[in-house]
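Visitor: Could we go through this structure together? I would like to begin with its pockets.
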Amino acid sequence: MRPKILITDRIHECAVEEAKKFADVDLRYGISQDELIELIKDYDALIVRSGTKVTREIIERAENLKIIGRAGVGLDNIDVKAAEENKIKIVNSPEASTISVAELVFGSLISFIRNIHKANESMKRGKWEREKFMGNELYGKTLGIIGFGRIGREVAMRARAFGMKILAYDPGITVEDAREFNIEYSDLENLLRNSDIITLHVPLTEETENMIDKRELGLMKRDSILINIARGGVVNEDALYEFLKEKKIRGAILDVYSEEPPRDYRLIKLDNVLATPHIGASTDEAQINAGLVIVEKIRNFFR
Ligand code: NAD
């Protein structure tokens, strides 16, 4: 029996084609809650992104539903508790954007230390200001990676290619991991004190909320750079603002914020901040992967 899959948020066409190879697929982008409540009983699997709200009411009407696939990361739009109670499995695809995020770390970092973003702006204004844009190399610098999971490891591999020394802090790391990736395991304090560039790749949890606050920023070198492409709440933005404004650290690279979109742009507008609007996963490849990974997980489930 071929499973029946309902897709209610747009995923990449090639992922839809993959799903059609093993399932009967219906596309109902932009479906209303009422329509979904009516339709859901006919399906074995539901694929959504962030648009569809999968409420308790929908789940309780889903007589045949066995699995919900969320193409992407967050599960805020799914009533996870109701799904668990009804023995419906949930899968998502955080691994789909790993490479895109790791590449953005270096894109932003090189732009920052070579002033590429500023030089480009200056040229667009018709100026030729070579003397203003002295920069630095990555070669020989120490990169501190906080959170050595999927993204942290991809960052480490790329840092090695730039000839950087790598310190990593992650309570979940093993001696074998450190050996395999040829990094030096460090505690947090040593990493903060000794890194030229610090990049965060931890999830936002009770434990990691504000894990970089006044005390931690105070341990960093005066000419160091902090990168947060992980989650907004991991860094205390008020403390970061003070440190950057008073030039107690060299700069910050931010892709994520405690509030998105931010209401307060004070931090972002500082001259020593390079900011992007949460574009870590905004590549064609990450979007294609998000769909393909979910379809593959659903295929394996029905196997
Ligand atoms: P992952 O689960 O593979 O790795 C996270 C690592 O953090 C794990 O190894 C874990 O042991 C470690 N960790 C947990 N608590 C820690 C702590 N207190 N101190 C140090 N390490 C700790 O996750 P990932 O796929 O590598 O993603 C990392 C982060 O990147 C997540 O916050 C994710 O939301 C974020 N992300 C951002 C974007 C973006 O668009 N900017 C896109 C994708 C992922």
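Visitor: How many nonpolar, polar and charged residues does the lining of the largest pocket have?

Guide: The lining has 16 nonpolar, 15 polar and 8 charged residues. Here Ala, Val, Leu, Ile, Met, Phe, Trp, Tyr, Cys and Pro count as nonpolar, Asp, Glu, Lys and Arg as charged, and the others, Gly among them, as polar. Please note that this is a predicted model, in which local features need pLDDT of at least 70, side-chain atom pairs count only at pLDDT 80 or more, and totals for chains, interfaces and linings use all residues. Residues are numbered from 1 along each chain as its sequence is written, and side-chain values use heavy atoms, with hydrogens and water left out.

Visitor: What volume does the largest pocket have, and which residues are closest to its centre?

Guide: Its volume is about 1,200 Å³. V73, S97, A230, R231 and H278 are the closest to the centre, out of 39 lining residues. On a 1 Å grid over the protein atoms alone, a pocket is an open set of points with protein on both sides within 12 Å along at least five of seven lines, a cavity is a set where a 1.4 Å probe fits but cannot get out, and lining residues have an atom within 4 Å of a point. Points are joined across faces, edges and corners, and a volume is the space filled by probe spheres set on them.

Visitor: Why does the pocket lie between the domains?

Guide: Domain 1 (4–93 + 284–302) and domain 2 (137–271) both contribute residues to the lining of the largest pocket, so the pocket lies between them. The domain bounds come from an automatic or database domain assignment. The centres of the two domains, taken over C-alpha atoms, are 34 Å apart.

Visitor: Let us turn to the sheets. What is the strand order in the sheet of 5 strands?

Guide: The order is β2-β1-β3-β4-β5, an open sheet with parallel pairing. Strands (E, at least two residues) and helices (H or I, at least four) are DSSP runs, numbered from the N terminus, and two strands pair if DSSP finds at least two bridges between them. β2 (24–27) and β5 (89–92) stand at the edges with a single partner strand each, so one side of each has no neighbour in the sheet. From one strand to the next, the twist averages 20°. Axes are lines fitted to C-alpha atoms, for helices over the stretch in contact, and angles run from 0 to 180 degrees between N-to-C directions.

Visitor: Which helix packs on that sheet?

Guide: Helix α1 (residues 13–20) does, touching β1 and β2, and its direction makes about 145° with that of β2. Contact means heavy atoms within 4.5 Å.

Visitor: And what is the order in the sheet of 7 strands?

Guide: That open sheet runs β8-β7-β6-β9-β10-β11-β12, with parallel pairing. Its edge strands are β8 (184–185) and β12 (273–275). Strands β6 (residues 142–146) and β7 (residues 165–169) are joined by 5 bridges, and I166 in β7 is the bridge partner of L143.

Visitor: Which residues line the largest cavity?

Guide: They are N228, G232, V235, E237, L240, L254 and V256. The volume of this cavity is about 30 Å³.

Visitor: Lastly, which residues does a cis peptide bond join?

Guide: E260 and P261 are joined by one, with omega about -10°. P261 is found in the loop between β11 and α12 (266–269).
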